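Subject: Structure handover

Hello,

Here is the structure I promised to pass on. My notes on what turned up follow below it.

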Amino acid sequence: MTYLPPTLRPPTRAEIRDLAEQYHMTLSDEEIEDFHDLAAEKIQYCQRIDELSDRTMERPAARRDPGYRATGEEDPKNAVITICSVESDDEGLLSGYDVGIKDNIAVAGVELTAGSTVLAGYTPAYDAAVVENVLAEGGTVTAKTNMSEMAVSGSGEMSAFGPVLNPYDDEYLSGGSSSGSAVAVATGLVDVALGTDQAGSLRTPASWSGCVGFKPTHGLVSFRGIAPLGFSYDHVGPMARTVEDAARALQAIAGTDPKDPRQGAVEVGDYLNAVDTDIDGIKIGVVTEAFEFDGGEAAVNDGVRDAVDELERLGASAEEVSIPWHVDGFYVWLAVENEETAVMFDAEGTGYFAGGHYDTDYAAAFGKARRAQADEFAPTVKLKCILGQYVKQRYYGRYHGKASNLRPALREAYDEQLEEYDVLVMPTTPMTAFKLEEDIGRKEAVNRAQGKRGRTRNTMPFDMTGHPSISVPCGRDEDGLPIGLMLVGSHFDEETVIEVADAFERATEWTDRRY
């Protein structure tokens, strides 16, 4: 799709009346006539803006094969939407690495679908910042990975391109919304992958699919060029089979980007140097509330507590800590995210009132497509828009505003414990993967995808607070499905999180290399 500047015309008299009614104004015929003439005069500023160029970024120079839809033979787990080849002549940390890119992340010249038929056919002109960094460090992009539609679902089954199957059992799901990135890594289709995380979308599939998923501190990695849900909680990070490769990928993509409004002062660490160190003397806080959610599975709790015992054998000390705010972090997330997602859709997927780069090509593609094809959205997307907009309009933004005011208290509750402990630990998700079900009803599909049985109760709070957290495999349940251990650290202290995760991984058998 190529989008040209629209034909500029002023609003008609009927449109002026309709627009005024949206603002609860009742205009007289005389007022409508005056505003019609005034609008026709004032709107001419748009013509001058169209004449000016905002194409300030260089066109990508990498060699690019836009690729093709993956076949079932090539990709039996349905982890990939597009098999492609984008490579550069640069050398660096990712030289020799095949990299999967979640399909809501822009790769210039390669279709971006965000897991939806609504966006199918849209091809970005520019790379996302993380793709720029991957190519600058010698990586080759070989796949755009499958994902839950528009990144608002988390079971792994709500993609327009079909469910992503669990690497360990085709009768189970992968988790989402970064479903394909997790499975492509776990099955060896790619060496490392990038996923996004606004509620646990990176860490949940890592837990369920048996790989490493690393959500860095909010703002450490630029989100520019990625379809957003909310500026204050958008995260992008690496997924890999090992902590070392996740650290390597994070080193490649972290850093300041003046074009991303999410970033303030960015503190980039030496992440690879944190690998292969001992953890003698590390203090661990085991968050009691994280093991007590309804629907949690005993096998998961036992597996994570066994992992804590292993960390103690490696020289760490562990104590139970109570953080009552952890329970309410889920509700804070819901109040913020529901309304912000609806507003982001209204803003054509680019947002308003922030600095940085605005992707006008994406806005045009998304805006046109959603008006023509909104009925094709998954029920998860439809409900998010309807409920978010209703609560915003009916209650005048009260719940978003109040939850936003509560976020500092939520963050402080974790920070107080992180002054005493080096990391906090808990299950990534309270349960293992959901079973793939045929022909489930709409309500059940939405409930499975959006938090049934507390699936994201442990991940959601840290998207609100921005703390770095990593999921590493730590066991299997009685059906052989992976269990994830989540480690949470202080802001911009990714190194300590890596040290503990890597030490555990090196001492245990849970990193599966069978593929």
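Helices and strands in these notes are DSSP runs, numbered from the N terminus. The model is predicted.

**Helix 12**

On that numbering, helix 12 spans residues 398-420 and holds alanine 403. Is alanine 403 buried or exposed? The cut-off for buried is under 20% relative accessible area. Alanine 403 has 4% relative accessibility, so it counts as buried. Setting aside neighbours within four places in sequence, alanine 403 is in contact with Val332, Ala335 and Val336.

**Aromatic pairs**

How many aromatic pairs does the structure hold? There are nine. A pair of rings is described by the distance of the centres and the angle of the planes.

Take tyrosine 122 and tyrosine 362 to begin with. Their ring centres are 5.9 Å apart and the planes meet at 65°, so the pair is edge-to-face. The pair links distant parts of the chain, 240 residues apart. Tyrosine 122 sits in the loop between strand 3 (98-102) and helix 4 (129-136), while tyrosine 362 belongs to helix 10 (residues 360-373). Both tyrosine 122 and tyrosine 362 are buried.

Next come phenylalanine 345 and phenylalanine 377. This pair is edge-to-face too, with 6.0 Å from centre to centre and 65° between the planes. Phenylalanine 345 is in helix 9 (residues 325-346). Phenylalanine 377 is in the loop between helix 10 and helix 11 (379-394), 32 residues apart from its partner. Phenylalanine 345 and phenylalanine 377 are buried.

These residues come together in one aromatic cluster, formed by Tyr122, Phe345, Tyr362, Phe366 and Phe377.

**Charges over rings**

Two arginines are worth a look. The charged end of arginine 305 sits over the ring of phenylalanine 291, at 4.0 Å from the ring centre. Arginine 457 places its charged end over the ring of phenylalanine 330, 4.2 Å from the centre.

**Two glutamines**

Glutamine 251 is part of helix 7 (residues 243-253). A polar atom of its side chain lies 2.6 Å from the backbone nitrogen of tyrosine 271. Beyond residues up to four places away in sequence, glutamine 251 touches Leu93, Val268, Gly269, Asp270, Tyr271 and Leu272.

Glutamine 263 is in the loop between helix 7 and strand 10 (283-287). Which backbone nitrogen does its side chain reach? That of aspartate 257, at 2.6 Å. Glutamine 263 has a relative accessible area of 14%, so it is buried. Leaving aside neighbours within four places in sequence, its contacts include Gly219, Leu220, Val221 and Ser222.

**Nonpolar cores**

The largest nonpolar core has 110 residues. Ile105, Val130, Val131, Val141, Met150 and Leu485 touch the most other members. Outside the four places on either side in sequence, leucine 485 touches Val304, Ala307, Val425, Met426, Thr428, Ile470, Ser471, Val472, Cys474 and Phe504. A second, separate core of 14 residues includes Val185, Ala193, Leu202 and Ala206.

**Helix 13**

In helix 13 (residues 442-449), Ala445, Val446, Arg448 and Ala449 are buried. Why do they lie on the same side of the helix? Because they cover an arc of only 165° around the axis. Strand 6 (169-173) and helix 11 are included in what covers the buried residues of helix 13.

**Backbone geometry**

Most residues other than glycine have a negative phi, and most peptide bonds are trans. Three places need a check against that.

- The peptide bond from glycine 176 to serine 177 is cis, with omega near 10°. Serine 177 is in the loop between strand 6 and helix 5 (179-186).
- Methionine 150 is not a glycine, yet has a positive phi of about 55°. It lies in the loop between strand 4 (140-145) and strand 5 (165-166). With 7% relative accessibility, methionine 150 counts as buried.
- Aspartate 439 is not a glycine either, and its positive phi is about 60°. Its loop runs between strand 12 (423-427) and helix 13. The relative accessible area of aspartate 439 is 78%, so it is exposed.

Best wishes

Key
Residues are numbered from 1 along each chain as its sequence is written. This is a predicted model: local features need pLDDT of at least 70, side-chain atom pairs count only at pLDDT 80 or more; totals for chains, interfaces and linings use all residues. Side-chain values use heavy atoms; hydrogens and water are left out. Rings of Phe, Tyr and Trp (its six-membered ring) pair if their centres lie within 6.5 Å; planes under 30 degrees apart count as stacked, over 60 as edge-to-face and the rest as tilted. Helices (H or I, at least four residues) and strands (E, at least two) are DSSP runs, numbered from the N terminus. Buried means under 20% relative accessible area, exposed over 50%, partly exposed in between (1.4 Å probe, protein chains only). A charge sits over a ring if NZ of Lys or CZ of Arg is within 6 Å of the ring centre and within 35 degrees of the ring normal. A polar contact is a pair of N or O atoms within 3.5 Å; within protein, one must be able to donate a hydrogen and the other to accept it, and residues adjacent in sequence count only if both atoms are side-chain atoms. Contact means heavy atoms within 4.5 Å. A nonpolar core is a set of buried Ala, Val, Leu, Ile, Met, Phe, Trp, Tyr and Cys residues joined through side-chain atoms within 4.5 Å. The arc is that of the directions from the helix axis to the C-beta atoms.
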